[in-house]
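Notes follow in the order I took them.

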Amino acid sequence: MKQLFALLSVVLLTACANPALREAEDLGRSNQWPAALRVLDDAVIKDPTDAQLRAAQLRAREQATARLLMQVEALRGAGRWDEAKVVLAQLAVADARHPRLAALTVEIDRGRRQEVQLAAGRAALKEGRVERAEGIARDILAESPQHPGARLLASQVAQARPLEATVGELGAAFQKPVTLEFREAPLRQVFEALARSSGINFVFDKDVRADARVTIFLRGVTLDEAMRVILNTQQLDRKLLNESSVLVFPNTAAKQREHQELITRTLYLTNADVKQVQAMVRTIAKVRDIHVDERLNLLVVRDTPEVLRLVEKLIASVDLPEPEVMLEVEVMELATDRVDELGLQWPDQIQYGLPAVGGAGLAAGQVLLGQRHDFRFAVANPAVVANIHGTAGNNNILANPKIRVRNHDKAKVHIGQKLPVFTTTTNFTGSTSVAASVSYLDIGLKLDVEPTIQLDNDVVIKIGLEVSNLIRQVTGPGGTTAYEIGTRNTSTVLRLADGETQVLAGLINDEDRKSAAGIPGLSTIPVLGRLFGTTTDTRNKTEVVLLITPRVVRNLAVPDASLTRLASGTDASPGALSSLLKREARVGVGLSGDGAGAPRAAPAATAPVSEAAVRLDTTPSIEAGGVASVTLKNDSGFSVKGELEYDATRLQLAQNQPGATPGRVPFELLPRGDRVITLRALPAGSGQVTTVSVSSLSASGLNGETPPTRLEGSGLISIEAAR
């Protein structure tokens, strides 16, 4: 009757269960947790007091948010921003107070914006606007230091520009070629000549010396280079007012504080230690003001744009995730034991006396010798026992932990037990008291590892292994307990390749015992001794074997070599632009004294040129469909005519040129003049190298002279397959 009543109760409870629970359970089995959550939400609204519904609702919400988060992360990684927004809206419906909801919203909007910025940066790099591309990459990396597209763009920018290249922030007017030939000329007169030839406005600080003189000979340099040479040799500095105006002021600490524009930048660190980065930035970049927030792991730096640019590059080179390795460890204790017992067990006592009443043994106490005729011999029953006994066993104790460890960190594994050890303390002062304390002794397997991950994916591992076991328990004074422990340990340092397995063996305990028990003298006779006693052979052997396999989870992502070599300015001005000139520039500068010699602003006489030189420069590599620039520059004082020839099956003119035919473009260069001809790469030339050449060169002077001509430079163009 009781069983029937219990069965009936279960049936009634099942029938009374809310149908929403079954529906939600079915949806959960098919991984439709958002739908299951909606069903449970509606059911809870109808019956808010049902505890089962509330518990199921919490479980469903947890499962639904976890799966929605996985979908959002996957869509973000694939750059599918619209779909990520839709899933994020579902997450907001499932859990409007989820802690990651606001952060994911910001990250998706930022990712969409960064994708547009990255496309603009790639286009700027393809058009040759290197500085624009670098600025975009720098802005993206400031928000997302590990952004792969921005890191790749920064690497391409660094490769597209040599180390000593100028920033180019002054605009196109400052890149015009100029030639300066002044001897003992006032400084302001030199800048006046530059202003007239380039259209650049120069404004002088009131403390710039009016009597400063300079002797300078510069040919074939840009206006920016010429200006930097003059400023550096006269202890002056400049400040860009707009694209065509420059302020010149003395390069002193007071004037730097007065005129230099400072920028404050907050730099968030992802992996590097903020204190170490602070020390590096202070030492290398010599920043003016720096603040550290260890709670948020960020730096706030205030300095000039040049110094901040250097600081950003330094931080990008050290803010890298630490390497990690997965150590697959397998420890086996191989134990074999064998016991052989063979022989006859004779009685070890023979009794002679009066049997007890009833025949059970001998009579106790004293007996009369007059009853000696009733004395009997007695031995233990059975009198002889044949021992034929043998045991053998094999034991394998296996531990197979997997440990994920950061570079240079220690990991420990303990598999075993803790034995309690009691310690008593007796106090005899006044009244006797006894205090007991307990400590624990670790026995079993102890493994300590410390990996060091190399750049070539080799792993150097310090290993400490100890295997201990309980031999016996010892009782000490006062009833205290101690243990006799047997230990085997080893320590070593290994260098293993990624995925290589090393076996450490040889921790062997070999025990061989032989014992005999029987009739003295007779039991020790070889072979026949087993008829007069029992011989026991015991053989125990244990060996500990360790197998360790490192698998590198993440190694150090070393930046490109072009990003680790940074132009750092001078010791007085960290991060400042380099004063080095281009290779083809020629310069001679001399500082004058304060003598009263008259200034000579006229160009100095130069040796007559005996030939006309034309320099040919081309874009070395383009993609199919891209545009290559061919620059023809006349470095002489003669007029030069000629024809540019190219392969019409691989290249075509990007713009119409007067008198041009397929494969041939006529040109004329004025004295000290140049001309740029653009050619577009055809798909037929994909993956090939073509040559642009110059023919029919001729030169003429103002007086009708026809000097010889010389062509310099290379016209090789590599056409890469379109991406």
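Predicted model: local features only at pLDDT ≥ 70, side-chain atom pairs only at ≥ 80, totals over all residues.

**Entry 1: a surface patch.** I found a nonpolar patch made by Phe422, Val438 and Tyr440. Together these residues have about 320 Å² of accessible area. I then took Tyr440 by itself. I located Tyr440 in strand E15, which covers residues 433-453. Is Tyr440 buried or exposed? Its relative accessibility is 54%, and the cut-off for exposed is over 50%, so I logged Tyr440 as exposed.

**Entry 2: the whole chain.** I stepped back for the totals. I noted 14 helices and 31 strands in the chain. The chain has 723 residues, and 33% of them are buried. I also looked up the accessible surface, which comes to about 42,500 Å². Carbon and sulfur atoms hold 53% of that surface.

**Entry 3: sheet E22-E31-E28.** I looked up an open sheet of 3 strands next. Its order is E22-E31-E28, and its pairing is mixed. Which strands stand at the edges? They are E22 (621-623) and E28 (688-691). Each has a single partner strand, so one side of each has no neighbour in the sheet. Neighbouring strands here are turned by 30 degrees against each other on average, direction ignored. I followed E28 to its partner. E28 and E31 (residues 716-720) run antiparallel and are joined by 4 bridges.

**Entry 4: sheet E6-E8-E7.** I moved to another open sheet of 3 strands. The order is E6-E8-E7, with antiparallel pairing. Its edge strands are E6 and E7 (289-293), and each pairs on one side only. The twist averages 15 degrees from one strand to the next. I counted off 5 bridges between E7 and E8 (residues 298-303), in the antiparallel sense. Asp289 has Arg302 in E8 as its bridge partner. I also checked what lies against this sheet. Helix H13 packs on the sheet and touches E6 and E8. The direction of H13 makes about 10 degrees with that of E6.

**Entry 5: a pair between H13 and E6.** I stayed with these two elements and looked at side chains. Glu312 and Arg265 meet in a salt bridge, 2.4 Å from N to O. This pair links distant parts of the chain: Glu312 sits in H13 (residues 305-318), Arg265 in E6 (residues 263-268), and they are 47 residues apart. How exposed or buried are the two ends? Glu312 has a relative accessible area of 12%, so I put it down as buried. Arg265 has 23%, so I put Arg265 down as partly exposed.

**Entry 6: other salt bridges.** I looked up the total, and the structure holds 32 salt bridges. One of them joins Glu258 and Lys255 at 3.4 Å, N to O. Both residues lie in helix H11 (residues 253-259). They are 3 residues apart, about one turn of the helix. Lys255 is buried, at 7% relative accessible area. I then checked Asp409 and Arg406, whose side chains meet in a salt bridge at 3.1 Å, N to O. Asp409 counts as partly exposed, with 30% relative accessibility. Arg406 counts as partly exposed at 41%.

**Entry 7: a hairpin.** E4 (residues 236-242) and E5 (residues 245-250) pair in the antiparallel sense over 6 bridges. How many residues does the hairpin use to join E4 to E5? I found 2. I marked Asn242, which stands opposite Ser245 in E5.

Key
Residues numbered from 1 in each chain as written. Heavy atoms only, no water. Buried < 20%, exposed > 50% of the residue type's maximum accessible area, 1.4 Å probe, protein only. Areas by Shrake-Rupley, 256 points an atom, 1.4 Å probe, with all protein chains shown as cover. Patch = residues over 30% accessible without salt bridge, like charges linked within 9 Å, V, L, I, M, F, W, Y side chains within 5 Å. Salt bridge = Lys/Arg side-chain N within 4 Å of Asp/Glu carboxyl O. Pairing = 2+ DSSP bridges. Axes fitted to C-alpha atoms, helices over the stretch in contact; angles between N-to-C directions. Contact = heavy atoms within 4.5 Å.
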